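The exercises below ask you to read a structure element by element, and each is followed by a solution in steps.

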Amino acid sequence: MTDLDALYGNEHIKKILNGSGNFSSFLIEGPDGSGKHTLAHIIAASRLCISDGEKKPCGKCLACKKVAAGMHLDLLSIDPTLPVKELRESLDDVELYPADGAHKVYIIDGADRLNEQKQNTLLKTLEEPPEHAVFILATTDADKLPATILSRVQRFNFRTISQDEVAAHLRTIADAE
């Protein structure tokens, strides 16, 4: 699923994204399995979507299909375990214009694993990103990131959904079918 309906139980995040999705840097924090990866790809798809309609991501246009298939040229994952030199090279490319759309989206899953030198490298890019660049950091522990990075991102904190909430939601889905 490529839209916000995939995020059951975190309505506060949906409200923020539906109210104003004009941010260029995001931090998604939550426990493993909470939906960080899903939200990162929803945000990426919404930035890369080429639909003329109001709903983005539409899930139907070529760009949305490429994101879903993991084949969009402007959706780039950065491994937090890269050596500093390779991280710098990846971030140097941020100045280049997108190849296939209006934005380039960078996802760093496990951003809490960036050491201090890598965090400083990322910070330089987050301070003055080009208009076409979008950064999505995902982490289980935002406290491992410096305040200078945290001050430059829109934060989304996932909460764990109780078993009762999950069971109730599954009953709703089953009843609808």
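Two strands pair if DSSP finds at least two bridges between them; strands (E, at least two residues) and helices (H or I, at least four) are DSSP runs, numbered from the N terminus. The model is predicted, so local features need pLDDT of at least 70 and side-chain atom pairs count only at pLDDT 80 or more, while totals for chains, interfaces and linings use all residues. Residues are numbered from 1 along each chain as its sequence is written, and side-chain values use heavy atoms, with hydrogens and water left out.

**Exercise 1. Determine which strands pair with β4, and in which sense.**

Step 1. On the β3 side, strand β3 (residues 104-109) pairs with β4 in the parallel sense over 6 bridges, and Ile 108 has Leu 137 of β4 as its bridge partner.

Step 2. The chain passes from β3 to β4 by way of helix α5 (residues 116-127), and this β-α-β crossover is right-handed, a term meaning that, with the strands pointing away from the viewer, the path from the first strand over the helix to the second runs clockwise.

Step 3. Strand β1 (residues 25-29) also pairs with β4 in the parallel sense, over 5 bridges, and here Phe 26 stands opposite Ile 136.

**Exercise 2. Decide whether strand β4 is enclosed or open, and examine each of its faces.**

Step 1. Apply the cut-offs: buried means under 20% relative accessible area, exposed over 50%, and partly exposed in between (1.4 Å probe, protein chains only).

Step 2. In β4 (residues 133-139), 7 of the 7 residues are buried, so the strand is largely enclosed by the rest of the structure.

Step 3. Both faces are covered, with Ala 133, Phe 135, Leu 137 and Thr 139 buried on one side, and Val 134, Ile 136 and Ala 138 buried on the other.

**Exercise 3. Describe the largest nonpolar core and the place of Leu 122 in it.**

Step 1. A nonpolar core is a set of buried Ala, Val, Leu, Ile, Met, Phe, Trp, Tyr and Cys residues joined through side-chain atoms within 4.5 Å.

Step 2. The largest one has 21 residues, and Leu 27, Ile 78, Ile 108, Leu 122, Phe 135 and Leu 137 are those with the most contacts inside it. At least two residues of this core come from each of α4 (84-92), β3, α5, β4 and α6 (147-150).

Step 3. Not counting residues up to four places away in sequence, Leu 122 touches Leu 91, Ile 108, Leu 114, Phe 135, Leu 137 and Ile 149, where contact means heavy atoms within 4.5 Å.

Step 4. Another core, of 16 residues, lies apart from the largest one, and Leu 75, Val 134, Ile 136 and Phe 158 are among its members.

**Exercise 4. Find the aromatic pairs and characterise each.**

Step 1. Rings of Phe, Tyr and Trp (its six-membered ring) pair if their centres lie within 6.5 Å; planes under 30 degrees apart count as stacked, over 60 as edge-to-face and the rest as tilted. Searching the whole structure gives 2 aromatic pairs.

Step 2. Phe 26 and Phe 156 form a stacked pair, 5.9 Å centre to centre with 15° between the planes. This pair links distant parts of the chain, since Phe 26 lies in strand β1 and Phe 156 in strand β5 (residues 154-157), 130 residues apart.

Step 3. Tyr 106 and Phe 135 also form a stacked pair, 5.1 Å centre to centre with 15° between the planes. Tyr 106 is buried at a relative accessible area of 2%, and Phe 135 counts as buried at 0%.
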